[in-house]
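Subject: Structure for you to look at

Hello,

Here is the structure I promised to pass on. Please open it beside this email and follow along.

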Amino acid sequence: MKTFKGVSIIDTDCKKKEFIIGAPFLGDESREIEEVYVEDWHQYPLVIVKTSLGEQHFADVAFEMLYEE
C-alpha cells in the first residue's frame with residue numbers, strides 16, 4: 001500500500017518544488033511542513049501547504065501527488 005508523503009508542483013517561475021510532510025519548507029529549517037493538500041479553487045487547483053508558521057497557497061499550478069511505496 002502506498003502512503004501519501006506530499007505534493008510536487010511546477011510553480012509560476014517554471015521551477016519544480018516539492019512539499020514533503022515533515023521536511024523544511026523550501027529549505028527554511030524554521031518552517032516544518034505539517035500538512036499538504038489540494039483543493040478545487042474556482043475550477044483551478046489550489047495547493048495548500050501548512051507549516052509550523054502558517055500557510056502558503058499555490059494557485060493554478062501543475063501538481064503531482066507523491067507517495068512512498
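Which residue in the turn of the β4 and β5 hairpin has a positive phi? H42 does, at about 50°. Two residues lie between β4 and β5 in this hairpin.

Some ground rules come next. This is a predicted model, so local features need pLDDT of at least 70, side-chain atom pairs count only at pLDDT 80 or more, and totals for chains, interfaces and linings use all residues. Residues are numbered from 1 along each chain as its sequence is written, and side-chain values use heavy atoms, with hydrogens and water left out.

**Strands and hairpins**

Strands (E, at least two residues) are DSSP runs, numbered from the N terminus. Two strands pair if DSSP finds at least two bridges between them.

Start with β4 and β5. They run antiparallel and are joined by eight bridges. Within this pair, Y37 stands opposite I48 in β5. Strand β5 also pairs with strand β6, which covers residues 54-59. Here the count is six bridges, again antiparallel. T51 stands opposite G54 in β6. The link from β5 to β6 is a hairpin through two residues.

Now go to β1, which covers residues 3-10. An open sheet of three strands has the order β2-β1-β7, and its pairing is antiparallel. Its edge strands are β2 (16-20) and β7, each of which pairs on one side only. From one strand to the next, the twist averages 25°. For angles like this, axes are lines fitted to C-alpha atoms (for helices, over the stretch in contact), and the angles run from 0 to 180 degrees between N-to-C directions.

Take the two pairs in turn. β1 and β2 share five bridges. In this pair, G6 stands opposite I20 in β2. β1 and β7 share seven bridges. There, I9 stands opposite F63 in β7. β1 and β2 also form a hairpin, with five residues between them. C14 sits in that turn and has a positive phi of about 65°.

As you trace a strand, keep one general point in mind. In a regular strand the side chains alternate between the two faces of the sheet.

**Salt bridges**

Side chains of opposite charge can pair when their charged atoms come close. The rule used here asks for a side-chain nitrogen of Lys or Arg within 4 Å of a carboxyl oxygen of Asp or Glu. How many salt bridges does this rule give? The count comes to four.

One of them joins the side chains of D13 and K17, at 3.3 Å from N to O. The two side chains also make a polar contact of 3.3 Å. A polar contact is a pair of N or O atoms within 3.5 Å; within protein, one must be able to donate a hydrogen and the other to accept it, and residues adjacent in sequence count only if both atoms are side-chain atoms.

Is K17 buried or exposed? K17 is buried, because its relative accessible area is 16%. Buried means under 20% relative accessible area, exposed means over 50%, and partly exposed lies in between (1.4 Å probe, protein chains only). K17 lies in strand β2.

Another salt bridge joins E35 and K50, at 4.0 Å from N to O. E35 lies in β4 (residues 28-41) and K50 in β5 (residues 44-51), so the pair ties together parts that are 15 residues apart in sequence. E35 is partly exposed at 36%. K50 is partly exposed at 26%.

K50 also forms a salt bridge with E55, where the closest N and O atoms are 3.7 Å apart. E55 is partly exposed, at 43%. Elsewhere, salt bridges that share partners join D11, D13 and K17 into one network.

**A patch on the surface**

Finish at strand β7, residues 62-68, where Y67 is found. Which residues form the nonpolar patch on the surface? They are F63, M65 and Y67, with about 270 Å² of accessible area together. Y67 is partly exposed, with a relative accessible area of 43%.

Patches are made of residues with over 30% relative accessible area and no salt bridge; like charges are joined within 9 Å, and nonpolar side chains (Val, Leu, Ile, Met, Phe, Trp, Tyr) within 5 Å. The areas come from the Shrake-Rupley method with a 1.4 Å probe, and for residues only the protein chains shown count as cover.

Best wishes

Conventions: Helices (H or I, at least four residues) and strands (E, at least two) are DSSP runs, numbered from the N terminus.
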